[in-house]
Structure formats: structure tokens, C-alpha cells
Amino acid sequence: MITPTEVLPGMELYKSLRASQKTWAPTASVSAKELMKMLLKKGVDPVLTGLTLTGNREKGGLPDNARRPDPYEIYQYTGIGVFRDDRLVGWLNDTESKAYNYITNHIYSTVLTVPCPHAPGNFVVEVTKSKIKIEPRIVDGEPRIRLVADTEGNIAEVACAADLKNQETFNDLEQAVMKLTKSRLLNGIQRVQKQYASDIFGFGEAFHRKYPKQWHQWKDDWNRQFQKLPVEIEQKYRLLHFGRMINPTDDHVKQEEQ
């Protein structure tokens, strides 16, 4: 395939994938070195981002493909592929892929659309900082994981009736973001646990570092342990600045007056 901005298609894909991870977050930029490390380590399974080609495969290889405003063939990154050892076992959708990037601390910038808590409509949060610490624990001889999340974001747009100058309303928005984020993280983890039994998050590696003796007993059966591993999330979420505010009530009144 001839790509529009780079002579070498591999360089085009590389730059596009890096930009996608940093600005949107449903993709994972994995180098060959990182992939080899994940394949060789116990306690973490590999992931790779999927790529889909659409259009005319034959004409996509022609030089004219790069000059046309509507190319014969285009590519698109489509979710994260989950591996168990060196075998592809399934795919994560965009929301689950974002959960993976949150947990592995690969969120640089992304947006989140959240339903308003007390009015119809949504508001949009631009995530500017995200850090999750994986804390392995042993309770009654069994492994457990606690995720300690520290996130900051800006309210980029509000499309519902909400008085952001009111501290109680602002707190409600903050709680709504926190609740939705926590739910998506847990759903992403549980999907991987139940459907793929593949520890792509590196929970086993965290146990290996903190509890090497116990890990030695679990490592050969870690996939089964991972499937039933309890995970809890402790979250701190701070909303800081305001962006664009839209009041749908005012729009409705203006339409009636016209």
C-alpha cells in the first residue's frame, strides 16, 4: 500500500500509531523489544494493535493512491489484540482498549463523554493526567490486586443544564466521571479475565516483584489464578478547568421565540 505522507509505509504506520496512543488512547504502541520481553516474562502477556485495510487492494499499491483526495485504499487501527503466550486469543474494543492503557499507564491525552448526573445531556472531560499504581496483596493466602488511580482532567464541554459555579453541582460532575471511569476499568479487567484468561495488565509480574516466594508457587498456574483474581479500585479524580458550555434549555427557548 502506498501511504500519503511517508515514502516508507512502515514509517507512516509507526508515526500514526504513536500519535493515536498519545491523543486518543484506544491503541497500544508496542516495540519489537517490548514484545519480546512480554513473550519471555512470566506474569504478563503481550498485546498488539490491530490494523484494518479497506478499499481496493490492487490499486492501493499504485503511486496514485497517495495523490488522490479519496484514496483507493486506506488503513485504520482497530482495537488491541490479546495474546496468551504467543497466540492471539481475541480482541478488545475501543473502551476496553482504553481501560488497558489506563491500567498500564499509557494514557497521555484522551476524552471521556459522561452523562450529566441531574439533567439530560452529556459533558465531555479531557483527561490530562493519569497514573495508576498496581498494589498486589495476599489475603488469607490468596492473591488480590488493588489499583490506586490518580487522574486529572478538564471539563471541555457541557451540553446540559448545570451551574458549574455551584460547588455541589461541580462535585456531582466529578463523582459522575469517577464512577464511569471505575466502571469501565473493572469491565475491561473482567472481560479479559473471563473470556481470555490472559494477564495483559502485568498483575502477575507485580506479585513476582513483591512476593517472589509465593509467586514461585503460582506462576505455572497463573492463568487460572488470574481468572478469579479479585481486583478493587481506589480512585482520586480532580476536575480543574472549564471549556465550552452549552445550555440546551436556552437553545430551546430561542427556537420557540423564532
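By class, the lining of the largest cavity holds five nonpolar, three polar and two charged residues. Here Ala, Val, Leu, Ile, Met, Phe, Trp, Tyr, Cys and Pro count as nonpolar, Asp, Glu, Lys and Arg as charged, and the others, Gly among them, as polar.

This is a predicted model: local features need pLDDT of at least 70, side-chain atom pairs count only at pLDDT 80 or more, and totals for chains, interfaces and linings use all residues. Residues are numbered from 1 along each chain as its sequence is written, and side-chain values use heavy atoms, with hydrogens and water left out.

Select T95, K98, A99, Y102, T110, V111, L112, T181, R184 and L185. They line the largest cavity (a set of points on a 1 Å grid over the protein atoms alone where a 1.4 Å probe fits but cannot get out; lining residues have an atom within 4 Å of a point). Its volume is about 100 Å³, taken as the space filled by probe spheres set on the points. The count is one cavity of 30 Å³ or more.

Colour by element next. α3 (94–103), β4 (110–115) and α4 (167–196) each give two or more residues to this lining. Helices (H or I, at least four residues) and strands (E, at least two) are DSSP runs, numbered from the N terminus.

Which element gives the largest share of the lining? α3, with four residues.

Stay on α3. Eight of its 10 residues are buried (under 20% relative accessible area, 1.4 Å probe, protein chains only). Among them are E96, Y100 and I103.

Go to the start of α3. A side-chain oxygen of N93 comes within 3.1 Å of the backbone nitrogen of T95.

The phi of N105 is positive, near 60 degrees.

Conventions: 1 Å grid on protein atoms, 1.4 Å probe; cavity = no way out; pocket = protein on both sides within 12 Å on 5 of 7 lines; lining within 4 Å. Buried < 20%, exposed > 50% of the residue type's maximum accessible area, 1.4 Å probe, protein only. Polar contact = N/O pair within 3.5 Å; in protein donor to acceptor, adjacent residues only side chain to side chain.
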